Amino acid sequence: DDLMFAQRAKNAAARLGVIPEIINAGDARQRSWQPGDVVLIQATLGPLRQEALIKHLTACRPAPLVLAVTGHLETDLRQRLRRAGARLATHSGMERPLARALGLNWRPATPQ
């Protein structure tokens with residue numbers, strides 16, 4: 001939904017050595033997911049709509065692992081998303097949870 005988030009997500013995936021596939025919510029609802037698939041969602045844009053999408057995705061069999069990205073202080077939203085079956089990440093720190101979701105061993109780059 002947000003071009004800036006999409007670019008940040010693509011950059012995070014690139015740092016992890018992963019080539020992401022960008023899809024819209026309609027395609028996500030129609031897709032046949034495979035074990036090990038990961039869906040990264042910016043949950044702060046249209047949170048009720050994103051929450052419904054997360055519930056749909058986590059009910060699929062097999063279900064993808066859903067990683068919902070929010071702000072640090074969105075406590076109520078974060079609790080609802082966790083109850084819907086999502087794992088959580090923050091906008092400022094999505095690389096580590098994304099690496100975990102993908103089963104990658106990742107450490108942040110150290111400043112030179």
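Predicted model: local features only at pLDDT ≥ 70, side-chain atom pairs only at ≥ 80, totals over all residues.

Trainee: Which residue forms a salt bridge with Lys55, the closest N and O atoms being 3.8 Å apart?
Mentor: Look within helix 3, residues 47-59, for a residue 4 residues apart from Lys55, about one helical turn. The salt bridge of Lys55 is with Glu51.

Trainee: Which residues are linked with Glu51 and Lys55 in a network of salt bridges?
Mentor: Side chains of opposite charge can pair when their charged atoms come close. Here the network joins Glu51 and Lys55 with Asp76 and Arg80.

Trainee: Is Glu95 buried or exposed?
Mentor: Buried means under 20% relative accessible area. Glu95 has 16%, so Glu95 is buried.

Trainee: And how many residues apart in sequence are the parts that Arg15 and Glu95 tie together?
Mentor: Their side chains meet in a salt bridge, 2.0 Å from N to O. Arg15 lies in helix 1 and Glu95 in helix 5, so the parts tied together are apart in sequence by 80 residues.

Trainee: Where does Glu21 lie, the residue that pairs with Arg31?
Mentor: The side chains of Arg31 and Glu21 meet in a salt bridge at 2.7 Å, N to O. Arg31 lies in the loop between helix 2 and strand 1, whereas Glu21 lies in the loop between helix 1 and helix 2.

Conventions: Residues numbered from 1 in each chain as written. Heavy atoms only, no water. Salt bridge = Lys/Arg side-chain N within 4 Å of Asp/Glu carboxyl O. Helix = DSSP H or I, 4+ residues; strand = E, 2+ residues; numbered from the N terminus. Buried < 20%, exposed > 50% of the residue type's maximum accessible area, 1.4 Å probe, protein only.
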